[in-house]
Amino acid sequence: TRIGAAEGALGRAEEASARRARGSLAQVCARIRDTGEPAEMAPHRFLVVTCENAEKWSDYFDVVKATLGTTTEYKEQLQRGIAAPEEWREYRAWLDELPSDEELAQATAVIIPGSHLCANDPFPWLEGVRQLIRRIVARGAPQLYGSCFGSQIIAASLGGRVEKSPKMFRCVVATGGRHGAARRAWACR
């Protein structure tokens, strides 16, 4: 099924990400061993695809970056040369700004945060976001993270349904697994 293929691609993306992380760590260890100085590592690139077009939430990218970005421990590791720097970039999907295949190839993760919209809304630009999600899953990388609306649109893009209930949205993806059909549900208030 399409969902089974999507789950397989997500698993491959996680494996590829782990291999890249091990490779970066191996570079650092080799450089420290050979010269006593840490190796320069490629930055972790986080691409944030915002789907929130309301003016009152125009700082959503900054909120996401502050919430998910660099911690104090990470800053210390960065200063010691044992962590790669971070790069963050925002793509405003409602203005048809989406990452290219080249940018995806260099990315660590694509983040699709919340929005006041629903994945079922009929805005033409949402189809571009759905296609982006399917491209990421098909290529198996980079990692893909969705929060609230992001979870909705990921589920809908991969064949799931997004339903509105009186209290919250519910995303359901039915999959066939090793142990028969399984259901995964996400809910957002």
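Contact here denotes heavy atoms within 4.5 Å. All views are taken from a predicted model.

**Figure 1. Surroundings of isoleucine 112.** With neighbours within four places in sequence set aside, isoleucine 112 is in contact with Val49, Cys51, Val129, Ile133, Leu144, Tyr145, Gly146, Ser147, Phe149, Gly150, Ile153 and Ile154.

Figure 2. In soluble globular proteins, nonpolar side chains tend to be buried together.

**Figure 3. Salt bridge between aspartate 101 and arginine 135.** The closest N and O atoms of aspartate 101 and arginine 135 are 3.0 Å apart in this salt bridge. The pair links distant parts of the chain, with aspartate 101 in helix α4 (residues 101-106) and arginine 135 in helix α5 (residues 124-139), 34 residues apart. Aspartate 101 has a relative accessible area of 39% and is therefore partly exposed; arginine 135, at 31%, is likewise classed as partly exposed. A network of salt bridges links Asp101, Arg135 and Arg139.

Figure 4. Arginine 130 and glutamate 127 form a salt bridge in which the closest N and O atoms are 3.5 Å apart. Both residues lie in helix α5, three residues apart, which is about one turn of the helix. Arginine 130 counts as buried because its relative accessibility is 15%, under the 20% limit. Glutamate 127, with a relative accessible area of 32%, is partly exposed.

**Figure 5. Salt bridge between glutamate 97 and arginine 92.** In this salt bridge, the closest N and O atoms of glutamate 97 and arginine 92 are 2.7 Å apart. Glutamate 97 counts as partly exposed at 25% relative accessibility, and arginine 92 is partly exposed with a relative accessible area of 33%. The structure holds seven salt bridges, one of which is this pair. Side chains of opposite charge can pair when their charged atoms come close.

Key: Residues numbered from 1 in each chain as written. Predicted model: local features only at pLDDT ≥ 70, side-chain atom pairs only at ≥ 80, totals over all residues. Heavy atoms only, no water. Salt bridge = Lys/Arg side-chain N within 4 Å of Asp/Glu carboxyl O. Buried < 20%, exposed > 50% of the residue type's maximum accessible area, 1.4 Å probe, protein only. Helix = DSSP H or I, 4+ residues; strand = E, 2+ residues; numbered from the N terminus.
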